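Keep the sequence and the 3D view open while reading.

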Amino acid sequence: MSIDTTIDLGRPVSGDVVDLILDDHRRFEDLLRQLRSTASDRDAVRQAFAALHVAHAEAEERHVYPQLKKRRAVDAHEADHGEHEHAEGNEALLAVLECASTDTQKFDDAVEELTRLISHHLTEEELTILNPAREELGPEVLARLGEAFATERNQQIDADCGRTENVRRLVEEARAEGLIDEE
């Protein structure tokens, strides 16, 4: 079941994995701007953001981070830290998704926290993971990783990965694994 939205999340099928990830990072920034705007269909935007965030993180964790560690383009600490930040992002995303209305202070506060965490993660990932990947891996490997990333990302979106119940499950799993603190 595909997410029903008019918001374009892109459907890449191939390319340099760093470029594909950076394209998603720009989409995150745009979606966060829209979430902050009362002129937007904030409910549609939060659903699109949820789908993209979960799909992107799952694709990185399943295909990109393990290969970067294996090829020593990044160390285990950097990849593990990226997973920790994805879990924190999911936790903040869940707070946004669980808001009954998008025109409340509670929603605005949840969006502010989500924006803070995602902005930090994007900057850090670009500096400590994507730059080393681009420097250490050849174009063939980056293209292979790009195809795997894009395939997983699209499959996740098609499976409606951003629905509230799935994000809640991911947060609960992250807590059980010690990636984020218990509330």
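Which residues line the second largest cavity? The model is predicted, and in it Glu78, His81, Gly82, Glu85, His121, Glu124, Glu125, Thr128 and Ile129 line this cavity. The space inside the second largest cavity is about 40 Å³. H3 and H4 each supply at least two residues of its lining. H4 gives the most to this lining, with five residues. By class, the lining of the second largest cavity holds one nonpolar residue, four polar residues and four charged residues.

**The largest cavity**

A search of the whole structure finds two cavities of 30 Å³ or more. The largest cavity contains about 50 Å³ of space. Its lining is made up of His25, Phe28, His53, His56, Ala57, His86, Ile118, His121, Leu122 and Glu125. Three helices, H1, H2 and H4, each supply at least two residues of the lining of the largest cavity. H4 gives the most here, with four residues. The lining of the largest cavity divides into four nonpolar residues, five polar residues and one charged residue. His121 and Glu125 line the largest cavity, and His121 and Glu125 also line the second largest cavity.

**The largest pocket**

The largest pocket has about 230 Å³ of space. Its lining consists of 13 residues, and those nearest the centre of the pocket are Glu58, Glu61, Leu170, Glu173 and Leu179. Helix H2 (42–70), helix H3 (76–97) and helix H6 (164–176) each supply at least two residues of the lining of the largest pocket. In this lining, four residues are nonpolar, two are polar and seven are charged.

The table sets out the three spaces.

| Space | Volume | Lining by class |
|---|---|---|
| Largest pocket | About 230 Å³ | four nonpolar, two polar, seven charged |
| Largest cavity | About 50 Å³ | four nonpolar, five polar, one charged |
| Second largest cavity | About 40 Å³ | one nonpolar, four polar, four charged |

**How the helices pack**

At what angle do the axes of H2 and helix H5 cross? The axes of H2 and helix H5 (residues 139–158) cross at roughly 150° and come within 8 Å. An angle over 145 degrees counts as roughly antiparallel, and H2 and H5 are therefore roughly antiparallel to each other. Their crossing is right-handed. The contact of H2 with H5 has 11 nonpolar, four polar and five charged residues.

A second pair is H1 and helix H4 (residues 105–136), which pack at an angle of about 165°. The axes of H1 and H4 are 10 Å apart. H1 and H4 are therefore also roughly antiparallel to each other. H1 passes H4 in a left-handed crossing.

**An aromatic pair**

How many aromatic pairs does a search of the whole structure find? The search finds one. Phe28 and Phe49 form this pair, with 5.4 Å from centre to centre and 55° between the planes, and the pair is tilted. Phe28 lies in helix H1 (residues 17–36) and Phe49 lies in helix H2, so the pair ties together parts that are 21 residues apart in sequence. Phe28 is also one of the residues that line the largest cavity.

Technical notes:
Residues numbered from 1 in each chain as written. Predicted model: local features only at pLDDT ≥ 70, side-chain atom pairs only at ≥ 80, totals over all residues. Heavy atoms only, no water. 1 Å grid on protein atoms, 1.4 Å probe; cavity = no way out; pocket = protein on both sides within 12 Å on 5 of 7 lines; lining within 4 Å. Points joined across faces, edges and corners; volume = space filled by probe spheres on them. Nonpolar A, V, L, I, M, F, W, Y, C, P; charged D, E, K, R; others polar. Axes fitted to C-alpha atoms, helices over the stretch in contact; angles between N-to-C directions. Parallel < 35°, antiparallel > 145°, perpendicular 65-115°, else oblique. Left-handed = near helix turned anticlockwise from the far one by under 90°. Phe/Tyr/Trp six-rings, centres within 6.5 Å; stacked < 30°, edge-to-face > 60°.
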